[in-house]
Amino acid sequence: MRHIAHTTLVVKDYDEAIFFFTQKLNFVLQQDIDLGEGKRWVVVSPKNSEAGLVLGKAVGPEQEATIGNQTGGRVFLFLHTNDFWSDYQSMQDKGVMFTENPREEDYGTVVVFQDLYGNLWDLLELK
C-alpha cells in the first residue's frame, strides 16, 4: 500500500510556523530535530492524522519567493473536519484569517482561510 506521508510547506521561520500550526490550528508537533547549520526537520499534523506537514525554512531568494504563494494563488491544502462549526469558531477566536464566509456546497460545508504566510486552505466538512 502507498500513501502520501508528508507535504513540505516553505516557511520564513520554524518557530513562528510551529506556533501558528500548534496554537491556532491545534496541530501536534510530531518532530523537531536539529540537523545542524540552522536546519531542522519539523513535522506538524492534525491530531490523529497519518499525514504531516514538513515545515521547511526557505533558503535563498528562489525559495523565499514561494513563501505564502506555493500554488500561485490557488487553494493549497484541504483540512477536513468532522465538526466544522466548532473548528471554524475556534480558528476565528484565535485570529485565523478567512477570505470568505462559510458556505454550503453539494459536497459539504467549506470556508477558505489563510495560513500565517497567506497560503490558501479549505476547512471542509464533507457530507
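How exposed is D32, in terms of relative accessibility? At 36% relative accessibility, D32 counts as partly exposed, a class that lies between buried (under 20% relative accessible area) and exposed (over 50%), as calculated with a 1.4 Å probe on protein chains only.

## Basis of the report

This is a predicted model, in which local features need pLDDT of at least 70 and side-chain atom pairs count only at pLDDT 80 or more, while totals for chains, interfaces and linings use all residues. Residues are numbered from 1 along each chain as its sequence is written, and side-chain values use heavy atoms, with hydrogens and water left out.

## Helix α1 and its surroundings

Helix α1 covers residues 14–24; helices (H or I, at least four residues) and strands (E, at least two) are DSSP runs, numbered from the N terminus. At the start of α1, the backbone nitrogen of D15 has a side-chain oxygen of D13 within 3.0 Å. Just after the helix, N26 adopts a positive phi of about 60°.

Within α1, the buried residues are Y14, A17, I18, F20, F21 and T22. The buried residues of this helix pack against β1 (6–11), β2 (28–36), β3 (39–45), β4 (52–57), β8 (108–114) and β9 (120–126), where contact means heavy atoms within 4.5 Å.

E16, which also has its place in α1, counts as partly exposed at 35% relative accessibility. When residues up to four places away in sequence are not counted, E16 touches L116 and Y117. E16 and L116 are 100 residues apart in sequence, yet their C-alpha atoms are 8.6 Å apart in space.

## Aromatic pairs

A pair of aromatic rings is described by the distance of the centres and the angle of the planes. The structure holds 10 aromatic pairs, for which rings of Phe, Tyr and Trp (its six-membered ring) must have centres within 6.5 Å, with planes under 30 degrees apart counted as stacked, over 60 as edge-to-face and the rest as tilted.

Ring pairs join F20, F21, F27, F84, W85, Y88, F98, F113 and W121 into a cluster.

## Salt bridges

Side chains of opposite charge can pair when their charged atoms come close. There are four salt bridges in the structure, each being a side-chain nitrogen of Lys or Arg within 4 Å of a carboxyl oxygen of Asp or Glu. In one of them, the side chains of D15 and R40 meet at 2.9 Å, N to O, and this pair links distant parts of the chain, with D15 in helix α1 and R40 in strand β3, 25 residues apart. D15 is partly exposed, with a relative accessible area of 48%, and R40 counts as partly exposed at 22% relative accessibility.

Another salt bridge joins R103 and E105, with the closest N and O atoms 2.7 Å apart. R103 is partly exposed, with a relative accessible area of 28%, and E105 counts as partly exposed at 28% relative accessibility.

Methods. Polar contact = N/O pair within 3.5 Å; in protein donor to acceptor, adjacent residues only side chain to side chain.
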